[in-house]
Amino acid sequence: MSGQTAAPVLQAGWKYALDNNHPVAASHHHGLTTLFDPFSTARTAALLDLTGRRCLEVGAGAGSYARWLAGQVGRNGEVLAIDIKPDLLAAEPDLAQLTVRRVDITDEEQLRVRVGGGWDLIHARLVLGHLPSRSTVLARLAQLLAPGGVLLVEDWYRASGDPVICAPSPEAAQAYRAFHTVQGRCFQEAGTDPTWSRRAYRSMREIGLVDVQTVIHGTAWPGGGTGCALIASSAAQLRPRLLAFGLTDEDLALLSELLNDPRLVLAGHLLYSTSGRRAA
Ligand SMILES: C[S@@+](CC[C@H](N)C(=O)[O-])C[C@H]1O[C@@H](n2cnc3c(N)ncnc32)[C@H](O)[C@@H]1O
């Protein structure tokens with residue numbers, strides 16, 4: 001892999017590196033659900049009793065977590081799931097407690113008019129880290145909490161160390177590392193901050209939230225498993241950018257083989273799950 005040619009190709013209006021309307025988006029979201037819902041739902045259930053609560057799911061993706069919430073809040077609760085591209089969510093069967101709405105969370109007016117306040121739980125997983133205006137959005141979301149309400153923000157921390165735990169050969173390990181570097185540049189060009197997840201703790205305290213806590217979740221991702229499939233679907237969505245940054249079709253074909261090879265084992269991204277409460 002060359003991966004040397006810097007060729008930033010941000011399109012006008014491109015706010016987010018991936019795309020819910022891409023042909024692989026549904027399987028991408030399925031991967032996120034499989035890898036992270038068991039952790040996120042257990043973490044949420046430990047933070048508050050959801051019965052009868054008003055819950056806001058931000059950047060809901062395909063909506064598995066929002067549907068889980070809808071099953072928890074009961075007849076007197078409600079869940080609003082918002083996304084800039086909510087098409088995958090809208091395709092699912094209706095649930096009485098769940099409302100889906102198209103909202104760009106970087107737009108203050110949309111947050112005020114289409115979302116409003118008084119939420120007992122606001123959850124955003126793998127969303128704020130992608131947005132250049134993440135600090136402002138975090139503060140605005142905190143203002144939408146009811147007194148005593150909980151804000152739970154979960155984002156990956158992309159460690160700077162070697163992502164390869166095991167590989168079929170030194171060349172294969174090197175090929176994966178080269179892809180990993182270029183992929184990181186693609187996300188950063190689109191506004192993603194790979195380390196913000198660690199600063200979420202301090203940011204929550206600075207905006208006045210209390211009981212701030214971070215829990216870190218991580219697993220290894222073997223070739224052929226869900227984590228490697230997630231990387232493959234991310235590579236498919238980023239393909240034009242990866243090529244513009246100097247990778248070749250051959251590099252991406254090799255990557256695809258490697259991600260299906262169980263002899264490859266990667267250090268999966270750590271999910272930093274940070275919660276804070278608005279003082280009652
Ligand atoms: C990586 S996905 C995470 C999906 C889901 N939260 C999960 O963890 O499974 C990021 C989601 O945030 C949405 N998103 C990105 N920018 C957004 C914005 N400005 N306003 C609302 N949603 C946004 C995307 O459309 C996508 O569904």
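Visitor: What classes of residue make up the shell around the ligand?
Guide: This is a predicted model. By class, the shell has nine nonpolar, six polar and five charged residues.
Visitor: And which ones come nearest to the ligand?
Guide: Leu32, Gly59, Gly61, Ile84 and Arg125, out of 20 residues around the ligand.
Visitor: New topic. Where is the kink in helix α1?
Guide: At Phe36, shortly before the proline Pro38. The bend is about 55°. Helix α1 covers residues 25-47.
Visitor: Which residues of α1 are buried?
Guide: Phe36 is one of them.
Visitor: How many residues are in the largest nonpolar core?
Guide: It has 73. Val79, Ala81, Ile122 and Leu151 have the most contacts inside this core. Helix α8, residues 226-244, gives the largest share, eight residues.
Visitor: What is Ala81 in contact with, leaving aside neighbours within four places in sequence?
Guide: Glu57, Ala60, Gly63, Ala66, Leu89, Leu98 and Val100.
Visitor: Now the whole protein. How many helices and strands?
Guide: Nine helices and ten strands. Buried residues make up 42% of the 280 residues.
Visitor: What does the radius of gyration say?
Guide: A compact globule with 280 residues would have a value near 19 Å. The protein has 19 Å, so the two agree.

Notes: Residues numbered from 1 in each chain as written. Predicted model: local features only at pLDDT ≥ 70, side-chain atom pairs only at ≥ 80, totals over all residues. Core = buried A, V, L, I, M, F, W, Y, C linked by C-beta atoms within 7 Å. Buried ≥ 20, exposed ≤ 12 C-beta atoms within 10 Å, placed from the backbone. Helix = DSSP H or I, 4+ residues; strand = E, 2+ residues; numbered from the N terminus. Contact = placed C-beta atoms within 7 Å. Bend = angle between axes of the 7 residues up to and from the residue. Near = placed C-beta within 6 Å. Nonpolar A, V, L, I, M, F, W, Y, C, P; charged D, E, K, R; others polar. Rg over C-alpha atoms; globule rule 2.2 N^0.38 Å.
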